[in-house]
Amino acid sequence: MARCKYGCASITCIVCAVFWFITCLTLLCIIYAAQSYRPEISCYDAKAETRPIIYLHRGNATFAQENTQDAALRGIAASYWSEIDVSTSSDGTPYLFHDANIQRMTGINAEFESLSNEELDNELLLSPVIDGFDYNETRRIPRLETVMQLMCSVNNNSGAMLDVKDEDSAETVVNIVRNSGCTTRPLSDTNFIFAVGHPTPMRAYKKAMKNADADMDVITSVFLHPGAYGAVGLHFFLRTRLLHWWGKANGVSAHRTVWDSQDAELLHRYEEDGFCSGIYGVENAQEEIEKYPSLVYMNLDEKPYFSENADGQFGGDGWNGEAVTYERKPAVYAIVMTMLWLGIVLCGVCSYAAYYLRKSKHSEFANLQPAFSKLGATSTTEMVSV
């Protein structure tokens with residue numbers, strides 16, 4: 001019983017130590033693998049003569065409500081492409097819409113994903129939107145396929161940045177872009193970008209392009225928004241590249257406040273490693289081009305000017321009216337890496353200590369065996385149990 005007491009305890013300690021050692025080592029390997037991730041084609045070799053591509057955020061929102069057919073086409077009229085948000089109806093059809101709930105734009109409190117094609121086709125966008133501007137005209141929520149066909153009929157060299165909100169219609173969206181009538185070109189001349197805020201939908205889009213055998217070397221970008229990563233913070237994911245590694249993205253897009261921070265150095269490292277870089281949250285294209293000459297694409301806010309919210313972003317899902325700020329939180333990365341390395345060291349020490357303790361106890365019992373035999377005990381275990 002005594003041998004089991006010491007032996008079982010030491011074995012349990014060794015097993016636990018090995019488990020945490022493997023866990024810490026695995027996490028470190030994932031982080032280092034992510035940090036070494038590079039896109040297959042260097043964007044900066046490919047797009048040296050064509051940058052930056054300018055997209056209007058949700059279309060020309062000065063002319064018409066965001067993400068509408070008129071807003072998207074007006075962007076082309078201004079010699080720019082449009083950034084459009086893609087959300088999926090309950091019937092699996094992709095539409096142009098940003099928010100998870102349609103109340104801000106329609107006045108109806110309903111989740112977008114719960115609405116059918118018929119309901120969305122008949123829904124009218126408000127003339128005066130909650131952001132504070134009256135367009136003096138109601139418009140409908142357009143289907144992605146309709147807008148893409150119209151854009152490409154106007155200019156078959158048209159492009160678009162598709163900010164996809166989910167992965168439900170990945171195959172449908174890829175086929176719409178592929179069959180839109182716009183010229184498909186290699187990365188060196190593409191004007192199409194698939195952008196996500198989370199890497200899981202990007203994996204779905206990568207798979208959809210592969211399944212469709214789509215010869216589209218589009219930019220696939222993960223945009224990094226300040227405040228969207230909770231207590232961990234954006235700096236950790238910017239530093240580790242975990243989001244880009246998991247999504248296999250070849251583009252990195254960050255808000256202007258991130259480009260204006262010390263983390264601009266990290267963004268430039270992405271550029272050096274071949275990632276296409278982008279910026280959003282800007283309003284003057286020429287100023288930003290001069291300030292950030294290495295950019296490949298720019299998401300420009302062409303919207304009504306609200307004096308009380310000049311530095312805020314417009315529109316939906318908790319961000320309406322908020323001025324965007326960036327808190328770096330570099331200590332999070334240092335703490336995580338220190339804990340993982342410290343965990344490996346401590347697990348190694350605990351494993352050795354448990355093994356040494358178990359070995360020493362075996363030696364003690366082995367040395368006592370002759371004495372037990374002289375006293376008539378048949379075994380060490382029997383004597384100890386007495």
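**Entry 1. Cysteine pair C152 and C182**

I began with C152, which counts as buried at 5% relative accessibility; buried means under 20% relative accessible area, exposed over 50% and partly exposed in between, with a 1.4 Å probe and protein chains only. C182 is likewise buried, its relative accessible area being 6%. I note that this is a predicted model, in which local features need pLDDT of at least 70, side-chain atom pairs count only at pLDDT 80 or more, and totals for chains, interfaces and linings use all residues. Residues are numbered from 1 along each chain as its sequence is written, and side-chain values use heavy atoms, with hydrogens and water left out.

I looked up the sulfur atoms of C152 and C182 and found them 1.9 Å apart, forming a disulfide (a pair of cysteine sulfur atoms within 2.5 Å). The torsion about their S-S bond is about -100°, so this disulfide is left-handed. The pair links distant parts of the chain, 30 residues apart: C152 lies in helix α6 (residues 144-154) and C182 in the loop between α7 (170-178) and β7 (192-196). Helices (H or I, at least four residues) and strands (E, at least two) are DSSP runs, numbered from the N terminus.

C43 is in helix α2 (residues 43-46) and C276 in strand β10 (residues 276-282), so the bond ties together parts that are 233 residues apart in sequence. C43 is buried at 0% relative accessible area, and C276 is buried at 0% as well.

With the bonded cysteines numbered in sequence order, I record the pairing as 1-4, 2-3. C24 is in no disulfide, and the nearest cysteine sulfur, that of C347, is 5.4 Å away. C24 is buried at 9% relative accessibility. C347 is also in no disulfide and is buried, with a relative accessible area of 10%.

**Entry 2. Nonpolar cores**

I next examined the largest nonpolar core, which has 77 residues; such a core is a set of buried Ala, Val, Leu, Ile, Met, Phe, Trp, Tyr and Cys residues joined through side-chain atoms within 4.5 Å. L144, L162, F192, F194, L224 and Y297 touch the most other members. I listed the contacts (heavy atoms within 4.5 Å) of L224 beyond four places in sequence; among them are Y229, L234, H244, V258 and Y280. A second, separate core holds 13 residues, including A61, Y95, L120 and Y135.

**Entry 3. Chain totals**

I count 15 helices and 11 strands in the protein chain. Of its 386 residues, 49% are buried. Among contacts between residues at least 6 apart in sequence, 71% join residues at least 24 apart.

**Entry 4. Confidence**

I checked pLDDT, the predictor's confidence in each residue, from 0 to 100. The chain mean is 81, and 78% of residues reach 70 or more. Confidence is highest in strand β3 (residues 94-96), at a mean of 97, and lowest in helix α15 (residues 380-385), at 46. Over residues 306-313 pLDDT is below 50, and this stretch has 18 contacts beyond near neighbours in sequence. Residues 316-321 also stay under 50, with 19 contacts beyond four places in sequence. Where pLDDT is low, the predicted coordinates should not be read in detail.
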